[in-house]
Amino acid sequence: MAEYCLKTPLSEEDVRKLKAGDVVYISGRIFTARDSAHRKMLELAKKGEGLPFDPRGLLVYHVGPVVRKEDDKWRIIAAGPTTSARMEALEADFIKTFGIRGVIGKGGMFEKTTKACQEFGAFYGAFVGGAAILAAKAIEEVEDVFWLDELGVPEAVWLLKVNKFGPLTVAIDSHGNNLYLDILRKAKGALEQLLL
C-alpha cells in the first residue's frame, strides 16, 4: 500500500500508478455532483451544449454539502459523502463523456463503473462516512456554483478548491480491481458454503 498526494487536473499516468488499497490526498479543483447533476450534465453533453466549467482531469465528489453564504462568498460547513451506488447507472457515461479521473464517495460502486475506470483511466476513492467536518476543513474555497436555482443546494454542482482532501482509499483502481466487489464475492462464497 502506497500513499500519494496528487494535484488536479490529474493525468491518466497519475491514475494508472494507483492500486486498490492505496491512500490518496487531493489538492486543486474538484466538483460535486449527485443524481440530478449527473443527469443534467449528461443531458447537456448529449445536446452538444458546453458546460460552464471544464471537468477534464478533475474528480467528482458525491456529496450534498451544507453551505452558508458569508457576505458575497459561499462557505462549505459540512461535506460528508453520500452513497455512491445511487450513481452507478450514470457514472460510466460520466467518466467517458467528461474525462474525469476520479470519483469520491462512500459505499462503493459496481461493475459498470469498474469497467469505465479501467478503460478510461479513473479511480474511485472511498472517503470515510461521518467525517463531514474533516472534509469541509480541506475545502479552501468555493470557486463557483452551477444550477443552484434549478437543482437546489445539495444537487447543485459546486466547484471547489481543496488542499490535501482525504484520506481517500483507492477502492476501485484503473486495473479492474474493486475492493467492494471482492468483499461481496467472498461473502457470497462464505454464504454458499454455509448453505451446503
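**Exercise 1.** Which residues line the largest pocket?

*Solution.* The model is predicted. Step one is to list the lining: Glu70, Lys73, Trp74, Arg75, Ile76, Ala136, Ile139, Glu140, Glu141 and Val142. Strand E5 (73–78) and strand E8 (139–146) are the elements that give two or more residues to the lining.

**Exercise 2.** Find the buried residues of helix H3 and state what covers them.

*Solution.* Helix H3 spans residues 88–98. Its buried residues are Glu88, Leu90, Glu91, Ala92, Phe94, Ile95 and Phe98. Next, look at the cover over these residues: it includes the strands E2 (23–32), E3 (59–61) and E6 (102–105), together with the helices H2 (35–46) and H4 (111–120). Finally, look just past the helix, where Gly99 has a positive phi of about 65°.

**Exercise 3.** Describe how H3 and H4 are placed relative to each other.

*Solution.* Two packed helices are described by the angle between their axes and by the distance between the axes. Here the axes of H3 and H4 come within 8 Å and cross at roughly 10°. Angles under 35 degrees count as roughly parallel, and H3 and H4 are therefore roughly parallel to each other. The contact can then be listed residue by residue. From H3 come Glu88, Ala89, Glu91, Ala92, Ile95 and Lys96; from H4 come Glu111, Lys112, Thr113, Ala116, Cys117 and Phe120. By class, this contact has six nonpolar, one polar and five charged residues. Glu88, Glu91, Ala92 and Ile95 are among the buried residues of H3 and also take part in the contact with H4.

**Exercise 4.** Is Ser174 buried or exposed, and what is Ser174 in contact with?

*Solution.* First, locate Ser174: the residue is in the loop between strand E9 (157–172) and helix H7 (179–195). Second, apply the cut-off for buried, which is under 20% relative accessible area. Ser174 has 2% relative accessibility and so counts as buried. Third, list the contacts, leaving aside neighbours within four places in sequence: Val15, Arg16, Cys117, Gln118, Gly121 and Ala122.

**Exercise 5.** Is Lys137 buried or exposed?

*Solution.* Lys137 belongs to helix H5 (residues 132–137). Exposed means over 50% relative accessible area. At 70% relative accessibility, Lys137 therefore counts as exposed.

Definitions and conventions. Residues numbered from 1 in each chain as written. Predicted model: local features only at pLDDT ≥ 70, side-chain atom pairs only at ≥ 80, totals over all residues. Heavy atoms only, no water. Buried < 20%, exposed > 50% of the residue type's maximum accessible area, 1.4 Å probe, protein only. Helix = DSSP H or I, 4+ residues; strand = E, 2+ residues; numbered from the N terminus. Contact = heavy atoms within 4.5 Å. Axes fitted to C-alpha atoms, helices over the stretch in contact; angles between N-to-C directions. Parallel < 35°, antiparallel > 145°, perpendicular 65-115°, else oblique. Nonpolar A, V, L, I, M, F, W, Y, C, P; charged D, E, K, R; others polar. 1 Å grid on protein atoms, 1.4 Å probe; cavity = no way out; pocket = protein on both sides within 12 Å on 5 of 7 lines; lining within 4 Å.
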